[in-house]
Amino acid sequence: MARKIDEDKIARIKDAIMHTIVENGIEATTIAMIAKKANVSGGYLYRTYAGKQDLINELYHDKVNSLYKELEFLLDLNPNSIKPLLEEFIRNRVTFFLNEPNASKFFYQLLHNENFFASEVIKEKSAELMKSIKKIGVKSGEISKDTTVYQLHYHILVYAVDYINFTRKNIFGEQDVTIHDVEKLTDNIMKILK
């Protein structure tokens with residue numbers, strides 16, 4: 001029973017940090033704010049995590065690992081073309097935003113936090129995935145052989161998230177994020193990578 005209680009507390013803590021960061025920003029968020037929102041003591045939080053950055057790192061690694069597993073799955077489904085892989089991956093980002101806007105905003109903030117650095121394991125995993133995608137794309141003629149792993153990483157993993165969050169703000173009052181953005185985003189990225 002104690003394990004179930006701990007799992008519930010950890011889930012509440014992870015949910016609380018997402019909401020607190022989305023509401024207040026990463027720098028303004030404190031352990032006390034997270035503990036209060038999660039309805040746990042600050043002492044419990046410090047026994048479980050070394051601090052705010054440790055918790056943020058764990059959430060970021062969880063999210064990135066799930067994205068890499070998704071890309072690996074899509075690579076297995078699309079061994080000869082990257083367009084269907086890219087389109088499905090973007091569809092999933094848009095759907096994620098529409099269904100879980102706070103979690104999507106949280107991930108966007110993490111992507112743009114200068115205090116966060118990806119681990120060597122994450123960097124290696126990303127490079128390997130991008131090399132596999134590039135190999136398929138060059139062979140199918142969808143990607144220029146001059147496209148770098150760095151460019152692939154940005155355009156596949158970051159571009160859509162940036163677009164969604166820029167559009168979410170609706171600065172120009174022109175549109176909201178919809179599932180109809182998937183085809184546009186896919187076509188734009190495919191043109192850039194060519």
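Is Thr167 buried or exposed? Select Thr167 and find out: at 7% relative accessibility, Thr167 counts as buried (under 20% relative accessible area is buried, over 50% exposed, and in between partly exposed, with a 1.4 Å probe and protein chains only).

Before moving on, a word on what you're looking at. This is a predicted model, where local features need pLDDT of at least 70, side-chain atom pairs count only at pLDDT 80 or more, and totals for chains, interfaces and linings use all residues. Residues are numbered from 1 along each chain as its sequence is written, and side-chain values use heavy atoms, leaving out hydrogens and water.

Stay on Thr167, which sits in helix 8, residues 149-169 (helices are DSSP runs of H or I, at least four residues, numbered from the N terminus). Now show Tyr163: its backbone oxygen is 2.8 Å from a polar atom of the Thr167 side chain. Setting aside neighbours within four places in sequence, Thr167 is in contact with Gln175, Asp176 and Val177 (contact means heavy atoms within 4.5 Å).

Next, select helix 7, residues 120-140. Colour its buried residues: Ile122, Ser126, Leu129, Met130, Ile133, Ile136 and Gly137. They cover an arc of only 120° around the axis, so they share the same side of helix 7 (the arc is that of the directions from the helix axis to the C-beta atoms). These buried residues pack against helix 4 (52-77), helix 5 (83-99) and helix 8.

Last stop: Gly141, which follows helix 7 and has a positive phi, near 80°.

Methods: Helices (H or I, at least four residues) and strands (E, at least two) are DSSP runs, numbered from the N terminus. A polar contact is a pair of N or O atoms within 3.5 Å; within protein, one must be able to donate a hydrogen and the other to accept it, and residues adjacent in sequence count only if both atoms are side-chain atoms. The expected span of a helix is 1.5 Å times one less than its number of residues.
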